[in-house]
Amino acid sequence: MTYSPPTQPVFVLVRPQMGENIGAAARGMWNFGLDRMRVVAPRDGWPNERAVALASGAGRLLDHAGLYDDVPSAIADCTYVFATTARSRGITVPILTPEHAMAQARAIMANGGRVAVLFGPERAGLENDDIARANAVISVPVNPDFPSLNLAQCVLLCAYELRRLADTTPPEVLDMAGTDFANLAEITALGDHLEARLDEAGFFFPEDKAPRMKRNLRQIWSRLPLTQADVRTLHGAFRQIVRWAEQKRDQG
């Protein structure tokens with residue numbers, strides 16, 4: 001059988017205290033395509049109905065989550081372990097941001113390694129004995145006056161960083177809403193329309209400044225990323241202004 005290297009790390013929730021946080025963590029993982037969760041000695045037992053309720057559509061992840069009695073057994077098959085913590089523990093270990101840690105995790109897995117990320121219980125986080133089993137620490141650069149993160153929030157941050165490293169979504173896209181950008185001929189016709197209406201209204205005065213004024217108007221159109229729908233709307237607006245002016249004149 002051909003060996004396939006793992007494509008995602010195992011997220012290990014160590015002694016979680018609230019089922020709701022387990023469920024929210026599962027939901028955050030599933031948001032970013034991760035489904036390998038292990039749970040170590042959950043306080044309220046397993047399975048947990050409150051975890052399932054909070055997981056929403058990610059309940060399938062909980063169905064396949066591994067249940068372990070202690071940290072050593074939960075990470076026994078892993079070759080590299082990250083531990084998340086918000087405070088200094090007096091342990092000599094590399095401290096990484098979530099972004100850098102997940103980049104390392106991807107590199108390790110690409111070479112066939114198995115990665116685990118430990119997340120501690122809600123009240124005090126991981127114990128020093130847990131962290132001592134890790135190869136590196138993940139520390140989120142948060143407000144130093146309020147460094148504590150909710151369990152599910154920390155899971156979500158790591159899952160997001162892992163997903164982002166492999167994501168090819170462009171940083172910005174424009175939703176054209178059923179239209180296309182106007183071409184040069186359409187924009188030129190719009191400029192001609194406005195220019196003609198303004199000429200009739202006596203806008204280009206004095207005469208010696210008219211060429212420059214018309215050029216400035218053309219430059220406005222050329223700077224705007226107009227769509228075909230925009231052009232049609234502006235044509236209609238110009239026509240309505242003319243009709244309104246004619247009605248006022250006839251009534252006057």
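Predicted model: local features only at pLDDT ≥ 70, side-chain atom pairs only at ≥ 80, totals over all residues.
Local features need pLDDT of at least 70 and side-chain atom pairs count only at pLDDT 80 or more, while totals for chains, interfaces and linings use all residues. Residues are numbered from 1 along each chain as its sequence is written, and side-chain values use heavy atoms, with hydrogens and water left out.

**View 1. The largest pocket.** The volume of the largest pocket is about 380 Å³. A pocket is an open set of points on a 1 Å grid over the protein atoms alone, with protein on both sides within 12 Å along at least five of seven lines, where a 1.4 Å probe fits; lining residues have an atom within 4 Å of a point. Points are joined across faces, edges and corners, and a volume is the space filled by probe spheres set on the points. The lining has 23 residues, and Thr85, Ala86, Gly125, Ser148 and Leu149 lie nearest the centre. By class, 12 are nonpolar, seven polar and four charged. Here Ala, Val, Leu, Ile, Met, Phe, Trp, Tyr, Cys and Pro count as nonpolar, Asp, Glu, Lys and Arg as charged, and the others, Gly among them, as polar.

**View 2. The second largest pocket.** This pocket holds about 220 Å³ of space. It is lined by 13 residues, with Thr7, Gln8, Arg106, Met109 and Leu162 closest to its centre. Helices α5 (98-110) and α7 (151-166) each supply at least two residues of this lining. Helices (H or I, at least four residues) and strands (E, at least two) are DSSP runs, numbered from the N terminus. The lining divides into eight nonpolar, three polar and two charged residues.

**View 3. Two cis peptide bonds.** The bond from tryptophan 46 to proline 47 is cis, with omega near 0°. Proline 47 lies in the loop between β2 (37-40) and α2 (49-55). Phenylalanine 205 and proline 206 are also joined by a cis peptide bond, with omega about 0°. Proline 206 is in the loop between α8 (184-200) and α9 (210-223).

**View 4. Positive phi at arginine 15.** Arginine 15 is not a glycine, yet its phi is positive, about 50°. The residue sits in the loop between β1 (10-14) and α1 (19-31). Its relative accessible area is 24%, so arginine 15 is partly exposed (buried is under 20%, exposed over 50%, partly exposed in between, with a 1.4 Å probe and protein chains only).

**View 5. Positive phi at alanine 177.** Alanine 177, a residue other than glycine, has a positive phi near 50°. Alanine 177 lies in the loop between α7 and α8. With a relative accessible area of 69%, alanine 177 is exposed.
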